[in-house]
Structures are given as structure tokens and as C-alpha cells.
Amino acid sequence: MINDEIITSLLERIQNEIGIVLSRQTDRDRINRYLENGGTIPRASELLPVSLINLVTTNETYFEREAHHFDRLIKEILPKLNEQGSTKPIRILSAPCSSGEESYSIALRISASMVNISRPIEIIGIDISEEMIEKARKGVYTSRSVHALNQSILERYFVCENGTYRILPLPSVSIRFIAGNVFDPMLWKELGEFDVIFSRNMMIYFDSTKNKELLKRFQEHLRGYLILGHADDHLNAKEIFTPLRSERGVIYHI
Ligand SMILES: C[S@@+](CC[C@H](N)C(=O)[O-])C[C@H]1O[C@@H](n2cnc3c(N)ncnc32)[C@H](O)[C@@H]1O
């Protein structure tokens, strides 16, 4: 049995550095197995190993998840941003993007809609899991992942190969994926400012202190709208942002 103190200190590092709270016995057992199978114990000056990060992240996602957010983006947010008269790109962040389904859902909605946007559109997806970012860059998905997409969207924007779905290039938007930790200030320097931030189904894994830290970071880098998942930290979000309610829930404005 690996020393309990080592496990405790790894759990603390995970919570401090990437936000994820792991407090159950099953989490300790998972870390224990990682160590017993030769997983490395990083020094204080070293980054957490990728294999450890992959072990503790939950990457569940699919196209058109919480689809009403994409409706609001197309019907409400993009027309308002377009009205601003700027010629600068509309910048949309998907943080976290997991294997890319959220970022591509945004891109597909924009490509397929009749919405008349004169500004260029840039989408950036970020996720701490390098494995998920690799998947996002490849853009190849299972039938489970695309189950909520219309048949017409599948036929128009995907190539079906051996039971998988490869997304085709979408000329009306620029889309790229970056591996990074949302708590890394250097990453935010690289990212810059955004008109829309989607941050769905990540805060549920963090505690309130980390969520406040993240929401402050969003505030610094947002000049428009914030969209959280229904189970994310709305309590702290409404302290910082202005809620915009509709019959389908709430989004926020800076
Ligand atoms: C459940 S997925 C949500 C994906 C997508 N937003 C959705 O709602 O379908 C949560 C993602 O958060 C990522 N994540 C967790 N902690 C992170 C951190 N500190 N920085 C960046 N991504 C993180 C995980 O790797 C995982 O892919």
C-alpha cells in the first residue's frame, strides 16, 4: 500500500493547480492504483503528469448538449454583437472543450444558420487534457457523440467512414484547439479577450473558491456574454455578472 501522505499531497496538488476536488475513497483508490502501476510522483517544481490529469478528468460531452444555449447564441447574441458595427472578429471561447463537440456545435450552428453576420468569427477550444485536444483536432466522432445532430447536418458537414463521423472544414468560421489549464495565467495572456465564453460542466468538479477565481478570470477576459452549464456555479456567477433570463434558463452579461 502506497503511503497515504503521498496520496493526500497529490490530491491537494490536483485541487490547488487544476481545481478538481477529489474527496471520495474511490478517488484515493484510483490514485493508489496509479502509483502502484508505476505512475510518477511529480516534484513540487514539475507539472502534474499528463497520465495523472487524464485519470482525474471527466471528459463526457456530445454535440448539441444543452442545445438551448446554441439557440440563444444564434438568435440573440450574434445579432447583437454584429450590430456593434465593429469589423473585428467575434471571438468565442469554449473552456473546457473536451474532445471538441461543444466548439464544433457552435461552428455548425453558425455555418448552417441563415444568420447574417458581417464580422469574421473565431472559435477557440481549450482543455487541460492533451488527449482530448488531440481528438478535437482530428474531428472524428462516434455515433454516440453525434446522436443529437439532425440527419441533414450529418450528411452536409460530416464524412461517414467505418462507422465514425469526420467533420469537414467549415469555411465560415476559424476554429482551433489549445491544451491548457484554465488556472494558468500564461494561457490567458495567449488567449486574449472574448465576446462569448462557454464554460459548461467543469465548475461542477471545482469548489467555490476555485470557481470564484475562474469567474474573476473570465471577467477580465470577457467583453460580452458568459454561458454556464445548468449545474455550474450560478451562485457566484450572479455576484459578478448580470443575469439575462429567458424561459430556458439564464446566461450572463459583463
Ligand atoms: C465534462 S467535460 C465538459 C465539456 C463540454 N464543455 C460540455 O459541456 O460538454 C469537462 C472538461 O473539463 C476539463 N477540465 C477540468 N479541469 C480543467 C482545467 N483546470 N483546465 C482546463 N480544462 C479542465 C476536463 O479535461 C474535461 O474535458
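I'll start with a pair of helices. Helix H4, residues 68-83, and helix H5, residues 101-112, have axes that come within 10 Å and cross at roughly 40°. That angle makes H4 oblique to H5. The crossing of H4 past H5 is right-handed. Before going on: this is a predicted model, and everything I say is computed from it.

Which residues make the contact? From H4 they are Phe-70, Leu-73 and Ile-74, and they meet Ser-105, Ile-106 and Arg-109 of H5. Sorted by class, that contact has four nonpolar residues, one polar and one charged.

Now the other helix pair, H1 and H2. The axes of H1 and helix H2, residues 25-36, also come within 10 Å, and they cross at roughly 110°. An angle from 65 to 115 degrees counts as roughly perpendicular, and H1 and H2 are therefore roughly perpendicular to each other. On the H1 side you have Ile-6, Ile-7, Leu-10 and Leu-11; they meet Asp-27, Arg-28, Ile-31, Asn-32 and Leu-35 in H2. By class, the H1 contact with H2 comes to six nonpolar, one polar and two charged residues.

Next, the domains. The chain is divided into domain 1, which is 4-56, and domain 2, which is 68-253. Their C-alpha centres lie 28 Å apart. Eight residues of domain 1 are in contact with 10 residues of domain 2. On the domain 1 side, helix H1, 4-18, and helix H3, 50-56, each supply at least two of the touching residues. H3 gives the most, with three residues. The residues on that side of domain 1 divide into five nonpolar, two polar and one charged.

The peptide bond joining Ala-95 and Pro-96 is cis, with omega about 20°. If you want to find Pro-96 in the structure, look in the loop between strand S1, 90-94, and H5.

One more backbone detail, at Glu-64. Glu-64 is not a glycine, yet its phi is positive, about 65°. Glu-64 sits in the loop between H3 and H4. For context, most residues other than glycine have a negative phi, and most peptide bonds are trans. That is why I picked out these two places.

Technical notes. Residues are numbered from 1 along each chain as its sequence is written. This is a predicted model: local features need pLDDT of at least 70, side-chain atom pairs count only at pLDDT 80 or more; totals for chains, interfaces and linings use all residues. Axes are lines fitted to C-alpha atoms, for helices over the stretch in contact, and angles run from 0 to 180 degrees between N-to-C directions. Helices (H or I, at least four residues) and strands (E, at least two) are DSSP runs, numbered from the N terminus. Angles under 35 degrees count as roughly parallel, over 145 as roughly antiparallel, 65 to 115 as roughly perpendicular and the rest as oblique. A crossing is left-handed if the near helix is turned anticlockwise from the far one by less than a right angle, and right-handed if clockwise. Two residues are in contact if their C-beta atoms, placed from the backbone, lie within 7 Å. Ala, Val, Leu, Ile, Met, Phe, Trp, Tyr, Cys and Pro count as nonpolar, Asp, Glu, Lys and Arg as charged, and the others, Gly among them, as polar. Domain bounds come from an automatic or database domain assignment.
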